[in-house]
Amino acid sequence: MKTKLLYHTNSFTYECTATVVAVEGDDIALDATVFYPGGGGQMADRGTITWPGQDYPASVIAMHKRDEVVWHTLDYPPPSIGTEVVGTIDWDFRYQMMRTHTALHILCGVIWQEFGVQVTGGQMYPDRARMDFAMENLDKERIVYIEEKVNAAIEADYPIRVYSLPREKAFAIPDLVRTKINLLPPEIEEIRIVEIVGLDLQADGGTHVNHTHEVGGIHITKTENKGRINKRLEIMLDSLQ
Ligand SMILES: [Zn+2]
């Protein structure tokens with residue numbers, strides 16, 4: 001059993017029809033989904049699942065992915081196996097998440113290019129995010145400089161490409177190794193790559209926008225010392241006009 005991850009091929013798909021392939025309590029598994037189940041610092045999608053005969057659309061209140069199957073927890077008695085359903089994500093929430101996620105890639109790319117330091121962790125929310133870097137010095141001047149560089153990259157409107165590479169090919173790219181690609185389980189043969197052309201390259205399962213301009217703009221709102229060589233940066237996205 002395997003769920004087709006429609007968000008992997010097109011993160012702009014917000015709705016799909018699918019068939020229920022398994023039911024466990026209030027959880028249903030589908031043969032295909034547009035819902036991102038969470039992970040890699042990106043929050044799970046919200047939305048609804050509908051099918052004929054409902055009193056009201058079922059909300060997806062939690063999600064998880066087990067092996068190759070995506071499970072949707074419903075606030076409604078689940079339909080039986082074989083039912084055809086329509087899944088629709090909360091697009092405003094997702095698009096905001098895609099912008100924030102892409103902003104973090106730009107931040108990583110800028111910091112790697114300018115200072116050659118690695119990311120040590122991160123978390124995203126719809127309009128803000130934090131990311132930790134193995135950095136010794138993060139003074140005021142540097143913060144201003146980083147913010148300017150990130151906003152310049154957004155302005156420059158770099159295209160973002162998503163594709164898969166065979167494991168050996170991906171492992172041969174020096175830029176990918178810094179993102180701890182070597183921690184990926186050995187059974188994964190195809191690596192999904194997200195590339196901001198000319199700026200950043202990562203092995204990544206999340207959802208992103210197609211052009212950096214879509215991010216809009218960012219501000220660094222807070223920095224924190226998390227150890228001698230660990231610095232936390234918090235960013236806030238400008239709202240789109
Ligand atoms: Zn990503």
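Analyst: What follows is a set of questions and answers about a predicted model, taking the metal site, a helix and the nonpolar core in turn.

User: Which atoms coordinate the zinc ion, and how do you know that they count as donors?

Analyst: The zinc ion is coordinated by the NE2 atoms of His101, His105 and His208 together with OD of Asp204, at 1.9 to 2.1 Å. Along the chain the donors follow the spacing H-x3-H-x98-D-x3-H.

User: What makes the arrangement around the zinc ion tetrahedral?

Analyst: Four donors are given that name if all angles lie between 85 and 135 degrees; the four donor atoms here subtend angles of 97 to 124°, so the arrangement is tetrahedral. For comparison, the ideal angle for four tetrahedral donors is 109.5 degrees.

User: Why can His105 and Asp204 be said to tie together separate parts of the chain?

Analyst: His105 lies in helix α2 (residues 91-115), whereas Asp204 lies in the loop between β13 (200-203) and β14 (218-225), so the pair ties together parts that are 99 residues apart in sequence. Both His105 and Asp204 are buried, a word that stands for under 20% relative accessible area.

User: Why are the buried residues of α3 said to line one face of the helix?

Analyst: The buried residues of α3 are Ile143, Ile146, Val150, Ala153 and Ile154. Seen down the axis of α3, these buried residues fall within an arc of 105°, so they line one face. They pack against α2 and β14, while on the other side of α3 Lys140, Glu141, Glu148 and Glu155 are exposed.

User: What makes a group of residues a nonpolar core, and which residues have the most contacts inside the largest one?

Analyst: The name requires buried nonpolar residues joined through side-chain atoms within 4.5 Å, and the largest such core has 34 residues, with Ile106, Leu107, Phe133, Ile218 and Ile235 having the most contacts inside it. Helix α2 gives the most to this core, with 11 residues. Ile106 touches residues including Val150, Ala153 and Ile154, which are among the buried residues of α3.

Methods: Residues are numbered from 1 along each chain as its sequence is written. This is a predicted model: local features need pLDDT of at least 70, side-chain atom pairs count only at pLDDT 80 or more; totals for chains, interfaces and linings use all residues. Side-chain values use heavy atoms; hydrogens and water are left out. Donors are N, O and S atoms within 2.8 Å of the metal (3.2 Å for Na, K and Ca); water is not among the atoms, so sites may look incomplete. Four donors count as tetrahedral if all angles lie between 85 and 135 degrees; four count as square planar and six as octahedral if opposite donors are over 155 degrees apart and all others between 65 and 115; anything else is irregular. Helices (H or I, at least four residues) and strands (E, at least two) are DSSP runs, numbered from the N terminus. Buried means under 20% relative accessible area, exposed over 50%, partly exposed in between (1.4 Å probe, protein chains only). The arc is that of the directions from the helix axis to the C-beta atoms. Contact means heavy atoms within 4.5 Å. Lists of a residue's contacts leave out its neighbours within four places in sequence.
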